[in-house]
Amino acid sequence: MIHRSLLFVPGARPERFEKALAAGADVTCIDLEDGTPPQSKDEARAATAAFVAERPAAVRINGVGTPWFEADVEALKGIAGLTLIMLPKAESAEQVALLSEKLGPGHAPLWVVIESTEGLKNAWAVAAAPGLEGVLFGGADYSVDIGSDMEWDALAYARGRLVAACARAGVQLLDVPFLDVRDPDGLIAATRRVRAMGFTGRACIHPDQVRGVHEALTPTPAQVEHANKVVETFEAAQGGPALLNGKLIDLPILRAAERVLDTAKRS
């Protein structure tokens with residue numbers, strides 16, 4: 001399933017878990033990493049495990065090498081309601097393999113956050129790691145790593161490299177959350193821009209952002225109508241050369257149209 005939106009909710013705020021689920025995001029992700037201060041890790045982990053045992057949700061655990069990684073994995077092992085497990089600060093395929101091994105057979109889908117220069121250098125291998133289903137671009141941490149701001153030009157190279165790596169591996173790619181929760185128009189515009197690059201979705205940090213992300217990522221009726229015409233024209237030509245409104249329809253155009261229709265079905 002393609003995830004258009006992933007809404008983070010702090011693991012240290014269990015009273016917000018239900019409200020986050022009700023926001024309508026494709027994935028609700030309880031955050032035991034950045035969303036939970038060190039002094040609250042143990043309590044948040046227990047509350048998260050108890051909640052996910054009753055309600056379907058995702059969890060971002062703490063990274064490999066942190067004091068909390070092992071305990072996070074152990075607490076979540078075997079919980080049926082876990083929709084995905086997200087590993088932050090991913091920098092190698094070996095880290096993905098380690099997480100998979102510790103979770104054991106039949107574990108929930110694995111996602112990673114790539115948010116450092118080392119992770120970006122190894123993005124091709126990380127995205128292709130066995131069992132991985134998706135990547136989140138951690139643009140905030142990455143910008144700190146390279147000493148830049150978070151404006152478009154500063155992050156363009158990282159976004160482009162991740163799009164290529166994830167497309168090659170056939171995994172989903174979510175963009176960094178839009179940080180200004182009071183700017184819905186900016187959110188929609190920025191999300192449309194990353195969609196045009198090849199991102200499949202976007203993370204959110206506030207329930208109010210979910211609707212805007214879905215609006216930006218859902219094909220318009222006109223786009224769906226055009227995609228249907230592309231498919232019909234290609235099929236009528238039986239694989240031969242075809243023209244639609246004076247433009248050549250070939251296999252890449254067909255694949256793009258099919259992607260639009262597939263996205264529309266999931267919206």
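The following exercises, each with a worked solution, concern a predicted model.

**Exercise 1. The barrel**

Task: Determine in which order the eight strands close into a barrel, and which partners β1 pairs with.

Solution. Step 1: Begin with β1, which spans residues 5-10. Five bridges join β1 to β2 (residues 27-31), and the two strands run parallel. Within this pairing, Val-9 has Ile-30 of β2 as its bridge partner.

Step 1: Consider the pairing of β1 with β8 (residues 201-204), which is also parallel and comprises three bridges.

Step 2: The strands close in the order β1-β2-β3-β4-β5-β6-β7-β8, with parallel pairing. From one strand to the next, the twist averages 30°.

Step 3: Strand β3 (residues 57-60) and strand β4 (residues 82-87) run parallel and are joined by three bridges; Val-59 stands opposite Ile-85 in β4.

Step 4: Helix α10 (residues 209-217) touches β1 and β8, and its direction makes about 170° with that of β8. Helix α4 (residues 93-103) lies across β4, β5 and β6, at about 145° to β5.

**Exercise 2. The buried side of helix α3**

Task: Identify which residues of helix α3 (residues 69-76) are buried, and explain why they lie on the same side of the helix.

Solution. Step 1: The buried residues in α3 are Phe-69, Asp-72, Val-73 and Leu-76.

Step 1: Recall the geometry of the helix. With 3.6 residues a turn, an α-helix has residues three or four places apart pointing the same way.

Step 2: Check the arc. The four residues cover only 95° around the axis, and therefore fall on the same side of α3.

Step 3: Identify the cover. The elements over the buried residues of α3 include α2 (41-52), β3, β4 and α4.

Step 4: Note what comes just after α3: Gly-78 takes a positive phi of about 80°.

**Exercise 3. Aromatic rings and charges**

Task: Classify the pair formed by Phe-17 and Phe-51, and state whether each of these residues is buried or exposed.

Solution. Step 1: The structure holds two aromatic pairs. In the pair of Phe-17 and Phe-51, the ring centres are 5.2 Å apart and the planes stand at 65°. Because planes over 60 degrees apart count as edge-to-face, this pair is edge-to-face.

Step 1: Locate the partners. Phe-17 belongs to helix α1 (residues 17-21) and Phe-51 to helix α2, so the pair ties together parts 34 residues apart in sequence.

Step 2: Apply the cut-off of under 20% relative accessible area for a buried residue. Phe-17, at 2%, is therefore buried; Phe-51, at 14%, is buried as well.

Step 3: Turn to charges over rings. Lys-41 lies over the face of Trp-68, at 4.8 Å from the ring centre. Arg-60 lies over the face of Phe-8, at 4.4 Å from the ring centre.

**Exercise 4. Positive phi in loops**

Task: State where Lys-89 and Asn-245 are found, and how accessible each residue is.

Solution. Step 1: Most residues other than glycine have a negative phi. Lys-89, however, has a positive phi near 55°, and Asn-245 has a positive value of about 55°.

Step 1: Lys-89 is found in the loop between β4 and α4. Asn-245 lies in the loop between β9 (242-244) and β10 (247-249).

Step 2: At 34% relative accessibility, Lys-89 counts as partly exposed. Asn-245, with a relative accessible area of 68%, is exposed.

How values were computed:
Residues are numbered from 1 along each chain as its sequence is written. This is a predicted model: local features need pLDDT of at least 70, side-chain atom pairs count only at pLDDT 80 or more; totals for chains, interfaces and linings use all residues. Side-chain values use heavy atoms; hydrogens and water are left out. Buried means under 20% relative accessible area, exposed over 50%, partly exposed in between (1.4 Å probe, protein chains only). Two strands pair if DSSP finds at least two bridges between them. Axes are lines fitted to C-alpha atoms, for helices over the stretch in contact, and angles run from 0 to 180 degrees between N-to-C directions. Contact means heavy atoms within 4.5 Å. The arc is that of the directions from the helix axis to the C-beta atoms. Rings of Phe, Tyr and Trp (its six-membered ring) pair if their centres lie within 6.5 Å; planes under 30 degrees apart count as stacked, over 60 as edge-to-face and the rest as tilted. A charge sits over a ring if NZ of Lys or CZ of Arg is within 6 Å of the ring centre and within 35 degrees of the ring normal.
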